[in-house]
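Here is my note on the model you sent. Please read it with the structure open beside you.

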Amino acid sequence: MKKAKSLVCIMALCAGAIQAQAPKPVPADQSKMNTFISQLMAKMTVDEKIGQLNLVTGGEATTGEAVSNDVEGKIAQGQVGGIFSLTTPTRVRKAQQIAVTKSRLKIPLIFGQDVIHGYKTTFPIPLALAASWDMPLVERTARVAATEASADGINWTFSPMVDISRDARWGRIAESCGEDTYLASQIARVMVQGYQGDDLKKNNTIMACVKHFALYGAAEAGKDYNTTDMSLDRMYNDYLPPYKAAIDAGAGSVMASFNDINGIPATANKWLLTDLLRKQWGFTGFVTSDYTGVNELIEHGLGDLQQVSARSLKAGMEMDMVSEGYVKTLKKSLQEGKVAMADIDNACRLILEAKYKLGLFDDPYKYCSEKRAKTEILTPANVKFARETAAQTFVLLKNQGNILPIKKAGTIAVVGPLANTRANMPGTWSVNADLANTPSLLEGLKAVAGSKANILYSMGSNLTADATLQKNATMFGRDIPRDERPEEVIINEAVATAQKADVVIAALGESSEMSGESSSRSNIEIPEVQKHLLAALLKTGKPVVLVLFAGRPMAIKWESENVPAILNVWFGGTQAANAIADVVFGDANPSGKLAVTFPQNVGQVPIYYSHKNTGRPLQEGTWFTKFRSGYLDVSNDPLYPFGFGLSYTTFSYSDIKLSANSFAPGQSITATVTVTNTGKVEGKEVVQLYTRDMVGSITRPVKELKGFQKISLKPGDSKAVTFTIKEDDLKFYNADLQYVAEPGDFKVFIGSNSHDVKESQFTLAGK
Ligand code: BGC
């Protein structure tokens, strides 16, 4: 307890080091809202105010052992502020009707849902969307998701998830934007814009909830829900900026994370939720706990339900998801002086404000249109967009001898446990996906190839040899049938199929529930039984294309050395299969670039490009040197670096041209490269800009992404790509947590990934 207290003091001091923001004048519409809410709150009893802080589940998708009961009765008694996991206009209307006709003050409910990567039209998992490096595209996916969800009764989404993730073992890396602070911050911003649009009062915009605040992606050992212990340098410079970007973009709400942060779980962390989020960042929306987050503080060892509820409220956590700790204990805490009326009032006000901003007091049924649900969900335009989007997220990792694209004519053997499953296409957190409208890879390939190709199929292996592991990895109706015959028999059958074909497509990797929440893995390779199948297919001498399904960067060293072509397709949503077929047959050219580093083996994890240099760096390109920072048994190189991805064409980069070799604070320089399409087909390239601060008052990363541009070039065409570098781009939080750029020398790199770059340097002059 003592230790926790002293840490809080250090953090409070740090927060104090950042200048407080000057109070802003209250705009007219806000003052109207304030008056409306003050008048409403004047009529509310303490119980009704506490009721607003209670978020219950409608039970369509649950992620914990506890569920909410007697929901309708509680709504009628004014004991519920919002429901999540309840969809369709009919069901939402029914619940809303109870709130606005049966409860004493007729306060409407807010309806939440995990709309994570699309709604019924499901887009690729977030880690895949990040690999598109296409911000207008990502924003549009959020816009489409908001339109569909709002047409189905939802007005609040638990997204974007922007936990920086550098540990491939952590299953929730699939839900993240990857390892990089800059890229994740851009995504955070556009996702919020996409969901919330320009006016939250419209009936096709929904409120965003940035999560999981904070640092959840740094869970020790990649184990879900695990402890996070982090330096202030890493926190401020690497992990916090994406959440802040979402707040700055206007995210209406925040979800506190499950994890312990330096001794105090986020749910009860006053430094995090009040000093940092509200005082330092100026956040004016509300904070919800994660699923039973308040209750879990008991297991964290912070006290009984009454104690942890009071502590969470006082820390700045307004809404209690599923625990019912607030409704059960806050009144008692108030009577005993453990919380103040002002704490409850403040929380209640923030939740009522959210409802006001959504326009629910004007029309509580504005998201309950059966007509919209019929006409705006899974529209042909949305489905087409999902297909185009998915094709932009696949990452071509290897294409020896240009095996890809495959010619449509001929015989193709499609093999593997992931080839013929619809349920495993959309990916984790796709509770609203319409599996009936989600073709399997086999179906997609057949549809796109048409009558020209003869497509054969064989399952070839189970997902995993172990039946229990397979059961755990195919939950929530995402099962894959098992074949109980001996492994050898199943493989031989696939080999016989392969022998009849001109080319083999091996659909292998992870099932969709092998990543995501509570799906961490200590072994991040393709399951052994599938590798046996792959080895047998390679032995046939037929060209083999590995279509790799993955919710994380996988350790595929053997595959990268032995399989001629590897297309990493993550989990691509509703239209994944058609999009894979488009890419496989060359109707679309892959342009995805990794948003996470692929390790050579799990022992290198966490591995990320923006690491510190150390005092004993291993010289790049060397394997091992005694007394240098590295391993005896593996080099420091990644298998595939951050930002990497091939195309069916090739690009060349000129040297970097700087507009000047130095600039003063307040000024800027430009860095330009000319990129040329040196191949035979049109293609897209993500041109990436990195810098390195050569000398700092604290140690600085060896490279930091500072900009990128996705361009499209026809064969033979060139384009000058220019980046402006300003003082702001060079800023970081120093040891006193001041956000500064320090004068001195910088390296600048531009290239097609974090490793293959052109290099130059400039100086930031002193003031
Ligand atoms: C997850 C959240 C999710 C919530 C509500 C939790 O288990 O951690 O990401 O939003 O459930 O479904």
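The numbered points below go through the model by topic.

1. Ground rules. This is a predicted model, in which local features need pLDDT of at least 70 and side-chain atom pairs count only at pLDDT 80 or more, while totals for chains, interfaces and linings use all residues. Residues are numbered from 1 along each chain as its sequence is written, and side-chain values use heavy atoms, with hydrogens and water left out.

2. Elements. Helices (H or I, at least four residues) and strands (E, at least two) are DSSP runs, numbered from the N terminus.

3. Cores. A nonpolar core is a set of buried Ala, Val, Leu, Ile, Met, Phe, Trp, Tyr and Cys residues joined through side-chain atoms within 4.5 Å. Buried means under 20% relative accessible area, exposed over 50%, and partly exposed in between (1.4 Å probe, protein chains only). The largest nonpolar core has 114 residues. Trp156, Leu183, Phe213, Leu240 and Leu272 touch the most other members. A second, separate core holds 80 residues, including Ala128, Ala449, Val563 and Val569.

4. Two strands pair if DSSP finds at least two bridges between them.

5. Strand 12 (residues 410-415) pairs with strand 13 (residues 453-458) in the parallel sense, over six bridges. Gly410 has Ala453 in strand 13 as its bridge partner. Is strand 12 mostly covered or mostly uncovered? Mostly covered: five of its six residues are buried. Strand 14 (residues 503-509) and strand 15 (residues 544-549) also pair in the parallel sense, over six bridges. Here Leu508 is bridged to Leu548 in strand 15. In a regular strand, side chains alternate between the two faces of the sheet.

6. Axes are lines fitted to C-alpha atoms, for helices over the stretch in contact, and angles run from 0 to 180 degrees between N-to-C directions.

7. A helix pair. Helix 9 (residues 232-239) and helix 10 (residues 241-248) have axes that come within 6 Å and cross at roughly 45°. Contact means heavy atoms within 4.5 Å. Met235, Tyr236, Asn237, Asp238 and Tyr239 in helix 9 meet Pro241, Pro242 and Tyr243 in helix 10.

8. Cis peptide bonds. Lys211 and His212 are joined by a cis peptide bond, with omega about -5°. His212 sits in strand 5 (residues 209-213). The bond from Val605 to Pro606 is cis too, with omega near 0°. Pro606 lies in the loop between helix 23 (576-584) and strand 17 (651-653).

9. Positive phi. Leu378 is not a glycine, yet its phi is near 50°. It is in the loop between helix 16 (370-375) and helix 17 (380-393). Leu378 counts as buried because its relative accessibility is 19%. Phe476 has a positive phi of about 55°. Its loop runs between helix 19 (467-472) and helix 20 (487-499). Phe476 counts as exposed, at 61% relative accessibility.
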